[in-house]
Every structure is written in C-alpha cells, then in structure tokens.
Amino acid sequence: MTTLLWIAAGFAVLLAAGWLMRFVGQMATGNKPAFRDMPLAVAFGYVLGVAVVVFGVWYYFQPVVSAQGMPVAGVLFFRWAVQGFAIFAVAAWIFRFLGRMVGTGGTKKVFRQMPLTAAFGLLVILIYAILAIFAGAIAPYGQAEVFDQVNALPGGNAATGGNPAHLLGTDQIGRDLLSRLIYGAQNTVGIAFATTCIAFFLGGSLGFLAAVVQGWFDQFLSRSVDVLMAIPSLIFALLLMTIASAWAGSEKWLLTVYMVLIIAVIDSTRVFRLARAVGMNIVVMDYIEAAKLRGEGRTYLIFREILPNAMAPLLAEFGLRFCFVFLTIAALSFLGVGIQPPLADWGTMVRDLAQFINFAAFSPLTAALPLMAAGAIALLTVAVNFVVDWMLQRSSGLKE
C-alpha cells in the first residue's frame, strides 16, 4: 500500500510540475502557440522525460560496490547498457558518415537520406552477417568442442575460477561460450533466413497465383489459409514439433529440417494474405491486360509483371517476417524442440545458462551470460525493425 501511495504522490508531483512548466512557458513567451496549445499530457511527458534523464544520470554514477564490498548488479548492468547504447550510437554515426563519403553516387545518396536508426540497423545486420558467414574463422574453438574445465567463470581470471583461454567461460559440459555465441549467429540467424525465404517463396507464389487465377482456386486457398491463421502460430508450431520429434527419432538434424518446413508453412500464410492483397490491386492494371492480350502465361505475369511492382511491400514484410521467424525459432529452442545439439543457438543458450542469473549479487559478469544470448536476439530484432521502418517510409513517399 505504501508503494502505491509513493507512486501516486510522484505522479501528482510530475503532473503539477508539467502544469507549472506550461504556465511559466506561456508567461515567458507571451502566450505563444507552442505553450498555449500544449495539452497537459504533453507537458507531463516533457517533465517525465526530464525526470527519467536526471534519474538515469544519478543512477549511472552510483557506486558499483556496496559498503559491504558486494557488487551492485543493477548499477553495473545499467552502466553496461548505457555504455553499449553510446558505443552503438557513435558506431552508427561513423558508419553513416563513411557511407556518405565512400561508394557510388547511388549509395551516397541513400546514406544521405538515411536516419541514424536505419544506419544502426544496417550496421548491426552487417555485423551479424559477418559473424554468421565467417563463424568458423572468427570463433576461437568449435561449437561442439568440449574442454576439461566445466562452468569456468567469465573474465579469464584464474584466481576467480576463470580461464584465460575462455574469456566468457565454459558451460556445464565444458564448451567455450564465446565460440557458441558466435556460432549461434550462424545457426539461429542462418536457419531463420532460410526459413523466411522458403515461406516467402511458398506464400508469395500462391498469393500471386490466387490473384491471377481467382475463382474457386482463390477461394480454396484463402479459406485454407484462414483456417491455419486461426490457430496461434507458436502453439501450432510447438504441437507439430512435438509430433516431428517422434518421427525424427535419434536423427537430430532431421528435427531441424522439420522445424524449418513447419515454420515456413505456418508463416507462409501471412505472406499469402499480403501477396494476394497486393496482387489483386495489380492484376486490374492496364499493363497486365496488355500482357494477357499478348498471350503471356501466368508465370510471366507473376514473375515479370506483378512481382517487380509488389517488391516494396514484400521487402518490408520480409524484414518483419524474419523477426517473427527468428523469435519463433529461439522460443522453440528454449523449449527444447528447436535447433538440436551439437548445433549452437541462442535460444538453447538462454535456457542452459538461465541458472547463472542467481549469481548476480556475487558475480554480475557470470549473471550476464544468459543476457548476452537474449540480448543478441533482441538486438537483431530491433535492428531489423529499424531498417523495415525506414524502408516503409521510403516506399510510402513521405518526407522525413
């Protein structure tokens, strides 16, 4: 009850401060529209933003070690988050600046029009792509290589239970965590990308075909898709993966193949709806009628006429769909029915390392191990969404 009272009191103070800020602004500026027409909720938002920044600065400079000599994990994690945000912001600005200076005229123009968020997203995607493609050369060890020391603590300090040969430590069976984190980019991101491509080929082809053929074929596909979309995708995928586990038996690689096909079919239903809707708007155009009068077949109409004109919304949908597929694979791996060992993936790493969070009060770096894999998932999701938002804005023709 006391906590609720403190929250209510803080809310009332901020609300009063917002009203006072608006009143002072009206008096100081001669009642200009910027303050005269400002709603109280907007003034409250400004005050709340300032309060959050002030609290963040104060919290950042709090000691990371308590009076008893114990690390304060909350302050340390907050510092790492702020420092990481600053590093990525500076790196994104440098990346955009270099893009404006180096390259062809077209790429320079794209980087000049690019917001900093999109530059951040492209930079993160580029880093993930490099890690995924060159994981074998970048990772210090193999993803399934087992060492004698198990549960080695991160940091490489032998005095505190670490090992200089394993900077992020080892897991419960002695595998190097840094190597598995790098290989996770290759497996999790690579499999998600392949699954999204299959989903788009299947759903896009059938969606455009339904838009061209129409009639009973369109109705049959549309109603079938409606039935599949009525089932929650994660629950449906988990049910099918449980059945596939019995089919795969001891062949773990076969279960990964089943997972790719299951998720691709489930997500192709969303792609089908978009492709059909876009295709329906395109097939009534004059150039489609002209192509039909020339005697062009359905394959030509779909891949040479409809697809190029539907590329902008499909590319935006590809980014969003990739995020959903990526998160679904991570969720299935966390539940134990996704990517199977010895392959490394971030969802399984979060599950296997979750118990280390209990050591946050004694060794914050150890507690950060599961957060690294979870953070890798979240970072890529945010980066892709930044790029998709920018692509949607460009395709819509709106000015920044």
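## Chat about a helical model

Colleague: Among contacts between residues at least 6 apart in sequence, what share joins residues at least 24 apart?

Modeller: In this predicted model, 65% of the contacts between residues at least 6 apart in sequence join residues that are at least 24 apart.

Colleague: How many helices and strands are there in the protein?

Modeller: The protein has 16 helices and 0 strands, and its C-alpha atoms fill a box of roughly 80 × 75 × 55 Å when taken along the principal axes. Of the 400 residues in the protein, 36% are buried.

Colleague: On to aromatics, then. How many aromatic pairs turn up in a search of the whole structure?

Modeller: The search finds 20 aromatic pairs. Take Trp19 and Phe23, whose ring centres are 5.4 Å apart with the planes at 5 degrees, so this pair is stacked.

Colleague: Where do Trp19 and Phe23 lie?

Modeller: Both belong to helix H1, residues 2-28, and they are 4 residues apart, which is about one turn of the helix. Trp19 counts as partly exposed because its relative accessibility is 45%, and Phe23 likewise counts as partly exposed, at 37%.

Colleague: And what about Phe326 and Trp346, how are their rings arranged?

Modeller: Their centres are 6.1 Å apart and their planes stand at 85 degrees, so the pair is edge-to-face. Phe326 is in helix H14 (residues 311-334) whereas Trp346 is in helix H15 (residues 346-353), so the pair ties together parts that lie 20 residues apart in sequence.

Colleague: Are Phe326 and Trp346 buried or exposed?

Modeller: Phe326 and Trp346 are both buried. Elsewhere, ring pairs link Phe55, Trp58, Tyr59 and Phe78 into a cluster.

Colleague: Which ring does the charged end of Arg79 sit over?

Modeller: The charged end of Arg79 sits over the ring of Tyr60, at 5.4 Å from the centre of that ring.

Colleague: Switching to H3, how does the span of its 21 residues compare with what it should be?

Modeller: Helix H3 covers residues 40-60, and at 1.5 Å a residue it should span 30 Å, which agrees with its end C-alpha atoms being 30 Å apart.

Colleague: Which parts do the buried residues of H3 pack against?

Modeller: They pack against H1 and helix H4 (73-101), and the residues of H3 that are buried include Ala43, Phe44, Val47 and Gly56.

Colleague: At what angle do H4 and H6 pack?

Modeller: H4 and helix H6 (residues 116-133) pack at about 95 degrees with their axes 8 Å apart, and they are therefore roughly perpendicular to each other. The residues making this contact include Phe88, Trp93 and Phe95 of H4, together with Leu116, Phe120 and Leu123 of H6.

Colleague: How about H12 and H13, what is the angle there?

Modeller: Helix H12 (residues 286-293) and helix H13 (residues 298-309) pack at an angle of about 170 degrees, and their axes are 11 Å apart. That angle makes H12 roughly antiparallel to H13. Tyr287, Ile288, Ala291 and Lys292 of H12 make the contact with Leu301, Glu305, Ile306 and Asn309 of H13.

Colleague: Last one: which residues does Thr196 touch, leaving out those up to four places away in sequence?

Modeller: Thr196 touches Phe318, Arg321, Phe322 and Val325, with residues up to four places away in sequence not counted. Thr196 itself lies in helix H8, residues 177-213, and is buried, with a relative accessible area of 0%.

How values were computed:
Residues numbered from 1 in each chain as written. Predicted model: local features only at pLDDT ≥ 70, side-chain atom pairs only at ≥ 80, totals over all residues. Heavy atoms only, no water. Phe/Tyr/Trp six-rings, centres within 6.5 Å; stacked < 30°, edge-to-face > 60°. Helix = DSSP H or I, 4+ residues; strand = E, 2+ residues; numbered from the N terminus. Buried < 20%, exposed > 50% of the residue type's maximum accessible area, 1.4 Å probe, protein only. Lys NZ or Arg CZ within 6 Å of the ring centre and 35° of its normal. Contact = heavy atoms within 4.5 Å. Expected span 1.5 Å × (residues − 1). Axes fitted to C-alpha atoms, helices over the stretch in contact; angles between N-to-C directions. Parallel < 35°, antiparallel > 145°, perpendicular 65-115°, else oblique.
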